[in-house]
Amino acid sequence: MNPKLPYVLLVGAAVIIFILSCMLLSRGGRSPSCESQPRAVEKTGSMSQSLVFADLTPEEMSQVVRYLQGHLGVPLVDASRAKPSDNCIASVDLQVPAKAEVLRFLDAGGARPPREALAVLYFGKQAEPNISEFVVGPLPTPAYHRDVTERRYGGKLPYHRRPTLGSEYQQLGKFLETKAFAAAPTFMKEVLEYDRTNVAFQATVPHGFQSGDRVTWFVLFQNVSGFFVHPVGLEVLVDHSSLDISQWAVSRVFYNGQYYRDMAQLESAYVQGRVSVEKVRKAPRDGDFSSMKPRAAAAAPFPVQFEPQGPRYSVRNNQVLFQGWSFAFGVSVSTGLRLFDIRHRGQRVAYELSVQEALSVYGSNCPGGMSTRYMDGSFGLGRYSSPLVPGLDCPSLATYVDTHSLSDSLRPSTRKASLCIFEQNLGSPLRRHYSNLQSLYYGGLVNSALVIRSIATVGNYDYVWDFIFYQNGAIEGKVQATGYPSSSFLHGDGLRYGNRLWEHTLGTIHTHFVNYKVDLDVGGVKNSLVAHDMAFEMTRAPWSPEQQIERPRLTKKVLDTEDQAAFRLQSKMPRYIYFAANSKNKWGHQRGYRIQITSFAGDHVPEASSMERAISWARYQLAVTRRKEEEPTSTSIYNQNDPWTPTVTFADFINNETITNEDLVAWITAGFLHIPHSEDIPNTVTVGNSVGFLLRPYNYYDLDPSIYSHDGVFFTSEQDFTACEINPLACLPKTASCLPNFPPFTYDGFRNM
């Protein structure tokens, strides 16, 4: 035997083992990691055009505060500890420049508009207390301020209209504890087992029945997790209209269906045995039925999305680029998420898309519930944007952006990761066709869209605000509602106003309305509003005149005036209504963008109501008006506390002006009726509670622009559709067989509360 043969066999065996090991690893081993790309927002040059819309930085907010402290000539108390009789800064936000100035800068090489802030101040320590608004600039080094209150509102703003500061709520809490509850010690101890820690309360709005009122019902709950569905039956009406806290007083008390003059009368009636007591079983600290702690152990992970070659969008300062889309984003302290300068394939299609207001109107047989009309912009949809949980509120690999605000304090606050941006594969085709007639082929495009999201938690409700950008040029504005339902104590004829959710819990009927501002600029600033719809017509069949055919035909109408373009909430609206440009596409049609609304709204408050004009935007599912700088928003933060003399009345925007070939704004209202039911426990799901609108190109292009997407798929029966060069889906084992690099889980939602 050849002495070298054993060595040759050993080497050969080693080679075979190595090859087999590689094959096994490639088939069942760990895949390589996906390409890693930085997730932080890219900071480009300070002269980026999108920065004309950028939110104020914390440094700029602080500069405005220091300037106002040194130039107003009056002492300013920190709003976080201010009394109603003090002067304080309530908020500081970006003063968005006038549209004409911005367009000269963006489109015509004009000067950059000065960067300015809008400061809201409460002057309680004056002979005539009032609210004033100041424009402060230029930033970052302020040198001037202008009082713009009278120019904007036609006069000084009465002090009673001011949104309630957190410090005032703290003072009211102390009043309830030390004055109101102290007047009924026996009742509080024996009925509620009150120990100064086991009661939470929710304040109702508006504060009274007429201008100048500042009286508030406080609804009491057990202080447990999810307290909103643990009412105890006691509600207290507090008159806090005086700027002198020592003058505050209880105006009325409600317990288990009965009204009392004050807490002392309730105490007296209770001691004498004249109170019908309905004692509520004490809930554990976790809330028991209201606890959101899962009732099942964790199992296999849910599906996740990842980007095998990194994100296909970019975030630069406050600008997002995705496929053919670009836009600037920001967050208003009062109205929340807003976008500017939205362009597709380089052409501006909208100047502004912004949330305006979220309204809820409640019914109940308890005083707090029946008088509640929440206008959440007054509390701050941007201020209460909450930090987002990666992997649940947004995909783990989304880009997360910190937002900043200054309200109720002299110092700016930062909400970490409170806005997210991500591309989402919606798991369905944007378009497709399978041909099995004549030629055999398949063509399609995955529906992958870009989402920008913020979630505002205002009291019991959580609003998920999305703007979504599709590859066919469509934009969607959407809100999903979740959180806890508000509740009343179940008594008497309570079931006329909702469903029973637990032993003493009435889930109260309420409406949700949200309002958007949509400033479309289709093919330029000047647009007209056109309606297309259908009607059936009767005709004789030309080839068989004795036979009749009913055929649909197209109807067309130009809506010339604001009155014609104001569609009441439940009225019939043309199915196709669009902003038309002064230019035509290849086929001779006016280029346009169509407005399509998704809404299941309940009824609007009757117009005979004394407060209806404050929320008159909710009369209309759609109203199109001329754009005016003096009509920047459909409502005002001051409408909540004085809806009887509204600071801004949207109905006055509609005055039959001509809207042909003008700069137009669409005001869109969507909503739903919510009758809470047992499945709203522990809290409300988003499924079925989603409303909004679509903006869709209508003859704007010569063909669907998504045909130019790199994601398109097409193959025929004669091609090798398993080959990468023919079918990109066949490449996935190579291009997407990697493990995503999930960052370590972090969450800042419990810091700096």
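Let's start with Tyr461, which sits in strand β20, residues 461-469; strands here are DSSP runs of E with at least two residues, helices are runs of H or I with at least four, and both are numbered from the N terminus. Before I go on, this is a predicted model, so local features need pLDDT of at least 70 and side-chain atom pairs count only at pLDDT 80 or more, while totals for chains, interfaces and linings use all residues. Residues are numbered from 1 along each chain as its sequence is written, and side-chain values use heavy atoms, with hydrogens and water left out.

Is Tyr461 buried or exposed? Tyr461 is buried, because its relative accessibility is 3%; buried means under 20% relative accessible area, exposed over 50%, and partly exposed in between, using a 1.4 Å probe and protein chains only. Leaving aside neighbours within four places in sequence, Tyr461 is in contact with Tyr362, Ala456, Ala481, Thr482, Tyr484, His510, His512 and His674. Contact here means heavy atoms within 4.5 Å.

Now, the UniProt annotation "active site", from an unreviewed entry, covers Asp376 and Tyr461. They are spread over 86 residues of sequence, yet they cluster in space, with a largest C-alpha distance of 10.0 Å.

Asp376 counts as buried because its relative accessible area is 5%. Not counting residues up to four places away in sequence, Asp376 touches Glu357, Ala358, Leu381, Val458 and Tyr463.

On to the packing. A nonpolar core is a set of buried Ala, Val, Leu, Ile, Met, Phe, Trp, Tyr and Cys residues joined through side-chain atoms within 4.5 Å. The largest one has 64 residues, and those with the most contacts inside it include Phe329, Trp465 and Tyr516. Strand β15, residues 347-362, gives the most to this core, with six residues. Apart from it lies another core of 28 residues, among them Leu172, Val191, Leu234 and Val253.

Last stop, helix α2, residues 58-71. This helix has 14 residues and reaches 20 Å from first to last C-alpha, close to the 20 Å expected at 1.5 Å a residue; that expected span is 1.5 Å times one less than the number of residues. The buried residues of α2 are Glu60, Met61, Ser62, Val64, Val65, Tyr67 and Leu68, and what covers them includes β1 (87-95) and β17 (399-407). After α2 comes Gly73, whose phi is positive, near 75°.

Note on methods:
UniProt positions renumbered as here; feature names shortened; annotations may be inferred.
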